[in-house]
Amino acid sequence: MSVLKISNLVKRFEGVVAVDDLSFSVSPGEIFGFLGGNGAGKTTTLRMVLDIIRPTSGTISVLGSPPDRRNAQAIGFLPEERGLYAGMSAIDTIVYFARLKGMTAADARREGLVLLERFGLGNFAKTTVDKLSKGMAQTVQLFGTIVHEPRLIVLDEPFSGLDAINQEKLEALIRAQADDGVTILFST
């Protein structure tokens with residue numbers, strides 16, 4: 001069974017075709033790169049997968065059913081636009097995103113601290129986001145995306161603006177998720 005299946009997907013905005021007859025499927029544990037130039041419809045497609053916008057035509061199946069916000073706990077999403085609160089600490093940021101996905105504060109804090117330690121950021125748990133490097137902040141946001149152990153992770157331009165070292169660290173984290181059976185869909 002595919003974790004994500006898109007068939008003949010079309011999205012039009014006031015006469016502009018943003019997505020034109022797109023079809024693909026992604027299997028459990030697969031890392032699927034969704035490639036295209038600016039304006040190719042990548043973000044629009046991801047927003048349809050996440051039920052943020054609706055397609056003009058075609059079908060989408062996410063975890064065996066049409067996109068629905070009730071699937072939110074099984075999906076982790078890292079948007080292209082970073083959404084971090086500058087005055088919030090790294091661990092509080094992770095807890096905040098985990099709570100939005102239904103985790104208890106205690107579980108989120110415990111698992112968030114494990115992630116920070118595992119990836120060498122334990123000493124920065126109480127550091128506010130505005131004091132972190134761009135790579136560290138992006139890693140913290142990715143931790144907020146995965147801490148609740150989703151089955152599908154959707155990453156929109158996850159490596160934009162990162163240096164080679166931070167990109168390599170994020171790639172390793174993404175591969176580790178796939179090794180654990182999580183399906184990864186990313187655009188770039």
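A pocket is an open set of grid points with protein on both sides within 12 Å along at least five of seven lines. The legends below describe close-up views of a predicted model.

**Figure 1. The largest pocket and its lining.** This pocket has a volume of about 440 Å³. It is lined by 22 residues, of which Leu-50, Ala-72, Ile-75, Phe-77 and Lys-101 are the closest to the pocket centre. Strand β5 (75-78) and helices α2 and α4 are the elements that contribute two or more residues to the lining. By residue class, the lining consists of 11 nonpolar, 7 polar and 4 charged residues.

**Figure 2. The second largest pocket.** The volume here is about 210 Å³. Lining residues are Glu-111, Val-114, Leu-115, Arg-118, Ile-146, Val-147, Glu-149, Gln-177, Asp-180 and Val-182. Helix α3 supplies the largest share of this lining, 4 residues. The lining divides into 5 nonpolar residues, 1 polar residue and 4 charged residues.

**Figure 3. The largest nonpolar core.** The core has 32 residues, and those touching the most other members are Leu-116, Leu-142, Phe-143, Ile-146, Leu-155 and Ile-184. Two or more residues each come from α2 (90-100), α3 (105-118), α4 (134-146), β6 (152-156), α5 (164-179) and β7 (183-187). Helix α4 gives the largest share, 6 residues. A separate second core of 22 residues includes Phe-34, Leu-46, Leu-63 and Val-154.

**Figure 4. Contacts of Leu-155.** Leaving aside residues up to four places away in sequence, Leu-155 touches Leu-46, Leu-78, Leu-142, Ile-174, Ile-184, Leu-185, Phe-186 and Ser-187. Among these, Leu-142 and Ile-184 are, like Leu-155 itself, listed with the residues that touch the most other members of the largest core. Leu-46 is a member of the second core.

**Figure 5. Helix α1 and its surroundings.** Helix α1 spans residues 42-49 and is mostly covered, with 6 of its 8 residues buried. The buried residues are Lys-42, Thr-44, Thr-45, Leu-46, Met-48 and Val-49. They pack against β1 (4-13), β2 (16-26), β3 (31-34), β4 (57-62), β6 and β7. After the helix comes Asp-51, which has a positive phi, near 65 degrees.

**Figure 6. The Asp-51 to Arg-54 salt bridge.** The closest N and O atoms of Asp-51 and Arg-54 are 2.7 Å apart. Asp-51 has a relative accessible area of 5% and is therefore buried. Arg-54, in contrast, is exposed, with a relative accessible area of 56%. The structure holds 7 salt bridges.

**Figure 7. The Asp-130 to Lys-131 salt bridge.** In this pair the closest N and O atoms are 3.5 Å apart. Asp-130 is partly exposed at 46% relative accessible area, whereas Lys-131, at 62%, is exposed.

Figure 8. Glu-171 and Arg-175 form a salt bridge whose closest N and O atoms are 3.9 Å apart. Both residues belong to helix α5 and lie 4 residues apart, about one turn of the helix. An α-helix has 3.6 residues a turn, so residues three or four places apart point the same way. Glu-171 counts as partly exposed at 25% relative accessibility, and Arg-175 is partly exposed at 49%.

Note on methods: Residues are numbered from 1 along each chain as its sequence is written. This is a predicted model: local features need pLDDT of at least 70, side-chain atom pairs count only at pLDDT 80 or more; totals for chains, interfaces and linings use all residues. Side-chain values use heavy atoms; hydrogens and water are left out. A nonpolar core is a set of buried Ala, Val, Leu, Ile, Met, Phe, Trp, Tyr and Cys residues joined through side-chain atoms within 4.5 Å. Buried means under 20% relative accessible area, exposed over 50%, partly exposed in between (1.4 Å probe, protein chains only). Contact means heavy atoms within 4.5 Å. On a 1 Å grid over the protein atoms alone, a cavity is a set of points where a 1.4 Å probe fits but cannot get out, and a pocket is an open set with protein on both sides within 12 Å along at least five of seven lines; lining residues have an atom within 4 Å of a point. Grid points are joined across faces, edges and corners, and a volume is the space filled by probe spheres set on the points. Ala, Val, Leu, Ile, Met, Phe, Trp, Tyr, Cys and Pro count as nonpolar, Asp, Glu, Lys and Arg as charged, and the others, Gly among them, as polar. A salt bridge is a side-chain nitrogen of Lys or Arg within 4 Å of a carboxyl oxygen of Asp or Glu.
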